[in-house]
Amino acid sequence: ESAIQVIIPEDMPTPDQSTYDKAVADLISNISKKAAGGVLVLFTSHGAIRRAYNQVKLELNELDINLMAQGIDGPPDRLVSMIKQTPKSVIFGAASFWEGVDLPGDLLKVLIIPRLPFAVPSDPIVAARSETYVSPFMEYTLPASILRFRQGVGRLIRTSSDSGIIVLLDSRLLTRRYGTMYLDSLPTTNLVTPQIGLVPEAVSNWFNSK
């Protein structure tokens with residue numbers, strides 16, 4: 001059980017608040033410092049990757065941590081080969097990283113998921129499928145998102161011997177009724193909900209206890 005620690009900051013802004021992007025960027029920087037690399041951040045869009053990348057790049061460079069982002073520094077397979085050469089790395093990934101990119105063993109210590117992976121309602125395929133359900137959100141959108149979420153978490157936890165920290169930065173996990181459905185799909189019940197300012201400490205405490 002204790003091989004995995006899940007952290008959800010209780011006072012995280014919601015993704016639609018103006019303070020959200022900065023809160024995400026600050027947490028990525030502070031967590032990356034404590035972990036000294038081995039961090040994978042799974043974003044739901046390339047726009048979100050670019051925004052965060054521009055905010056944390058300089059700070060991580062100063063710490064000698066290599067930041068690599070899908071679509072900016074190359075395709076996923078190139079990023080994976082780069083991280084194998086420079087373990088002190090932070091990777092920003094989008095769609096393909098949720099599903100099939102493998103970072104074995106100690107290459108990945110911390111997984112950060114800034115927001116829940118909901119399909120974009122305006123996407124023509126999503127819109128067409130949604131029309132076939134009485135309750136599109138509960139019957140289609142939510143189950144698809146939970147499945148994607150479990151795939152994302154699976155980047156860190158592939159075998160029973162894998163360990164690490166999962167940081168979830170979407171406050172809807174704590175405030176919406178459906179949040180428990182995501183939490184129930186996690187491979188552990190070892191969950192803490194510190195305030196934002198205490199997240200880096202929670203990360204270093206976990207590493208120090210290992």
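Please keep in mind that the structure is a predicted model. Two packed helices are described by the angle between their axes and the distance between the axes. Here are those values for the two helix pairs.

| Helix pair | Angle between axes | Distance between axes | Source |
|---|---|---|---|
| α1 and α9 | about 20° | 9 Å | |
| α1 and α2 | about 35° | 9 Å | |

**α1 with α9**

Helix α1 spans residues 20-35, and helix α9 spans residues 199-208. Angles under 35 degrees count as roughly parallel, and α1 and α9 are therefore roughly parallel to each other. Their crossing is right-handed. On the α1 side, the contact is made by L27, N30, I31, K34 and A35, which meet V199, P200, V203, S204 and F207 of α9. Sorted by class, the residues in this contact are seven nonpolar, two polar and one charged.

**α1 with α2**

The crossing of α1 and α2 is right-handed. From α1, the residues D21, K22, A25, I28, S29, S32 and K33 take part, and they meet R51, A52, Q55, V56, E59 and L60 in α2. By class, the contact of α1 with α2 has five nonpolar, three polar and five charged residues.

**The largest pocket**

If you are thinking about open space in the model, the largest pocket holds about 440 Å³. Its lining is made up of 21 residues, and the closest to the pocket centre are T44, P117, F118, A119 and V120. Which elements give two or more residues to this lining? They are α2 (46-62), α4 (95-100) and α6 (136-153). Helix α6 provides the largest share, with five residues.

Definitions and conventions: Residues numbered from 1 in each chain as written. Predicted model: local features only at pLDDT ≥ 70, side-chain atom pairs only at ≥ 80, totals over all residues. Heavy atoms only, no water. Axes fitted to C-alpha atoms, helices over the stretch in contact; angles between N-to-C directions. Helix = DSSP H or I, 4+ residues; strand = E, 2+ residues; numbered from the N terminus. Parallel < 35°, antiparallel > 145°, perpendicular 65-115°, else oblique. Left-handed = near helix turned anticlockwise from the far one by under 90°. Contact = heavy atoms within 4.5 Å. Nonpolar A, V, L, I, M, F, W, Y, C, P; charged D, E, K, R; others polar. 1 Å grid on protein atoms, 1.4 Å probe; cavity = no way out; pocket = protein on both sides within 12 Å on 5 of 7 lines; lining within 4 Å. Points joined across faces, edges and corners; volume = space filled by probe spheres on them.
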